Amino acid sequence: MSADLAVTTTHVVVAPMLAALVTAIATLATRRYDRLQRGLSLLGIGAYAVFVGLLTDTVLSGGPLTYQLSAWRAPFGISLVADALAVFMLSLAALVTVAILVYSVVYVDDQGQRVSYHPLFHFMLLGVSGSFLTGDVFNLFVWFEVMLMPSYVFVVFYSGPRHTAAALQYAVLNLVGSALMLVAIGGLYATTGTLNMADIARRLAAPAAFGIDPAPVLGLSAILFVVFALKAGIVPFQFWVPPAYRAAPAPISAFLAGVTKKVGVYAVVRLYFTVFAVGAVDGGLGLPGLSGASFLAFFGPVMFLMALASMLVGGVGAVSRENLDDVFAYSSIGQVGFIVLPLAVVATVGDHSLGAPATDLQVLGIVAALVYSLNHAVAKSLLFLVSGAVHDIAGTIELDRLGGITTRFPVLAGSFFVGSLALVGIPPLSGFFGKLLVFDTGGRALAAGAPGAGLALAGALVGAIFTIAYLSRTWTNAFWGGVTPGVEHGSRSAVLVAVVAALALAVVAIGVGFDPVYAFAESAAEAALDTEGYVDAVGPEVVSRE
């Protein structure tokens with residue numbers, strides 16, 4: 001955004017969060033009235049989607065919107081900001097969660113829905129929305145916790161020994177991560193004197209003027225990066241993913257893989273490409289070749305190694321698993337590697353100083369990550385919901401006890417096939433464009449002589465081969481072949497099949513109508529790289545709320 005573009009302050013920014021909060025409270029208050037509670041839950045998710053659509057249209061047509069949650073001006077008050085990046089992620093969340101909630105109303109048993117499911121679902125959505133919209137790092141921590149607390153309950157939802165063990169591991173790891181995040185945030189405040197993201201960027205751009213030593217900020221941002229990698233399930237912080245996804249109900253596994261993982265990805269893009277990117281460390285901390293390097297010069301190689309490791313670990317793990325949830329959980333680890341890889345490739349490309357224009361390669365890399373995130377959110381949610389529907393039909397998701405689903409339930413099998421092709425990257429589905437952009441980023445970086453670009457392309461190719469291998473194996477063993485007894489005598493829920501079919505159609509629609517999706521992602525990428533515009537929108541100059 002240019003410096004002279006008018007900044008609007010409006011209440012529509014907070015509308016999606018209010019929709020989620022009001023719905024959570026309403027469903028908690030009506031838990032004794034089953035139909036009313038479910039009706040309010042569905043009405044609330046519909047209102048959430050409408051408000052996200054309204055906010056998205058307003059931002060894309062008029063520029064960033066800000067909202068102050070207190071009478072104090074930024075950077076002292078609590079700021080919410082909706083720019084193209086934030087509304088892209090909100091749109092992703094709205095698309096997936098509407099389908100997941102409709103599915104949940106049929107899939108989750110009556111007692112589970114009555115006691116806790118709907119309030120927890122909307123509180124988790126509230127935390128996701130707040131994370132995308134917050135303008136300061138402390139409230140990013142707060143919204144992370146709002147998102148995580150319901151997820152702890154969801155992982156142990158079925159209360160068996162396996163679920164309890166998974167929930168304990170999941171809770172302990174995330175609590176440790178939250179403690180590290182809080183320590184890092186406290187250190188940032190002590191070092192920079194502010195927690196407002198725009199104000200941090202403004203001060204890091206001219207550290208001498210504010211008496212800031214950038215070296216401690218780099219160390220503290222590294223701690224934050226570990227936390228975000230843990231939340232996103234990137235190797236080597238992926239070990240909580242398979243047991244948690246296996247233990248949670250199918251629609252919650254879809255929520256965790258499709259939406260909450262993307263909060264960690266969003267935090268990496270927002271903080272390391274918008275806020276910390278303008279920082280540089282004189283002397284390079286004594287490292288050869290990094291004298292005066294941007295912070296991203298330090299994180300780029302780390303992201304690169306983590307992305308390649310994620311694709312390898314996820315691919316090998318998925319090929320060797322024996323039930324649908326495990327295959328999809330390890331697949332999710334591998335697929336997040338494809339999201340992080342283009343970010344790593346472009347992390348050290350171009351000038352990241354305040355006001356410097358973004359390069360075409362930088363924009364392309366973030367577009368690739370965002371488009372791949374969208375495809376993964378829809379396709380992986382679809383696959384986890386297929387797993388739940390298969391379990392509902394056959395009473396099992398073990399590959400050696402399934403077969404013939406294509407014969408008995410062709411719509412369900414066809415939906416799985418579409419989701420699998422999307423992850424593989426077959427045109428004209430959404431996944432084709434995600435993979436194409438990832439390879440295009442690597443190819444252009446290689447042509448520009450960027451270090452490691454060739455290895456990135458090779459790693460992406462290996463990851464793509466693993467994706468074909470484990471999804472082909474799953475299709476052959478579980479959906480093709482002779483009809484097994486469980487499949488033969490099972491019965492389907494029309495609603496569950498309709499939801500997965502709708503997501504399959506969404507995968508097709510995103511691919512066929514990709515031009516507006518690409519334009520949206522490009523606007524989001526430009527917003528992520530426009531540090532000066534972000535500072536103008538949510539920095540100290542913004543007026544108090546209306």
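Me: Which residue just after α8 takes a positive phi?
Reply: Gly233 does, with a phi of about 70 degrees. Keep in mind that this is a predicted model.

Me: And α8 itself, how many residues does it have?
Reply: Helix α8 covers residues 214-232, which is 19 residues. From the first C-alpha to the last it reaches 26 Å, close to the 27 Å expected at 1.5 Å a residue.

Me: What caps the N-terminal end of α8?
Reply: Asp213 caps that end. One of its side-chain oxygens lies 3.2 Å from the backbone nitrogen of Ala215.

Me: OK, on to α16. How does α13 pack with α16, as an angle and an axis distance?
Reply: Helix α13 (residues 360-394) and helix α16 (residues 430-447) pack at about 155 degrees, and their axes are 8 Å apart. An angle over 145 degrees counts as roughly antiparallel, so that is the description for α13 and α16. Their crossing is left-handed.

Me: Which residues make that contact?
Reply: On the α13 side they include Leu361, Leu364, Gly365, Val367 and Tyr372. On the α16 side, Phe433, Gly434, Leu437, Asp440 and Arg444 are among them. By class, the contact of α13 with α16 has 10 nonpolar, 6 polar and 3 charged residues.

Me: What about α12 and α16, at what angle do they pack?
Reply: About 30 degrees, with the axes 10 Å apart; α12 is residues 324-346. That makes α12 roughly parallel to α16, as angles under 35 degrees count as roughly parallel. The crossing of α12 past α16 is left-handed.

Me: Which residues in α12 and α16 meet?
Reply: From α12 they are Gln335, Phe338, Leu341, Pro342, Val345 and Val346. Lys435, Val438, Thr441 and Ala445 are their partners in α16. Sorted by class, this contact has 7 nonpolar, 2 polar and 1 charged residues. Lys435, Val438, Thr441 and Ala445 of α16 are also among the residues in the contact with α13.

Me: Switching to α2 and α4. Are they roughly parallel or roughly antiparallel?
Reply: Roughly parallel. The axes of α2 (residues 34-62) and α4 (residues 110-133) cross at roughly 15 degrees and come within 10 Å. The crossing of α2 and α4 is left-handed.

Me: What residues in α2 and α4 meet?
Reply: In α2 they are Asp34, Gln37, Arg38, Ser41, Ile45, Tyr48 and Leu55. The α4 side includes Asp110, Arg114, His118, Phe121, His122 and Leu133. By class, the contact of α2 with α4 has 7 nonpolar, 6 polar and 4 charged residues.

Me: Last one. What should the residues of α6 span, at 1.5 Å a residue?
Reply: Helix α6 (residues 161-192) has 32 residues and should therefore span 46 Å. Its end C-alpha atoms are 46 Å apart, which agrees.

Me: And which residue just after α6 takes a positive phi?
Reply: Gly193, at about 80 degrees.

Terms used:
Residues are numbered from 1 along each chain as its sequence is written. Side-chain values use heavy atoms; hydrogens and water are left out. Axes are lines fitted to C-alpha atoms, for helices over the stretch in contact, and angles run from 0 to 180 degrees between N-to-C directions. Helices (H or I, at least four residues) and strands (E, at least two) are DSSP runs, numbered from the N terminus. Angles under 35 degrees count as roughly parallel, over 145 as roughly antiparallel, 65 to 115 as roughly perpendicular and the rest as oblique. A crossing is left-handed if the near helix is turned anticlockwise from the far one by less than a right angle, and right-handed if clockwise. Contact means heavy atoms within 4.5 Å. Ala, Val, Leu, Ile, Met, Phe, Trp, Tyr, Cys and Pro count as nonpolar, Asp, Glu, Lys and Arg as charged, and the others, Gly among them, as polar. The expected span of a helix is 1.5 Å times one less than its number of residues. A polar contact is a pair of N or O atoms within 3.5 Å; within protein, one must be able to donate a hydrogen and the other to accept it, and residues adjacent in sequence count only if both atoms are side-chain atoms.
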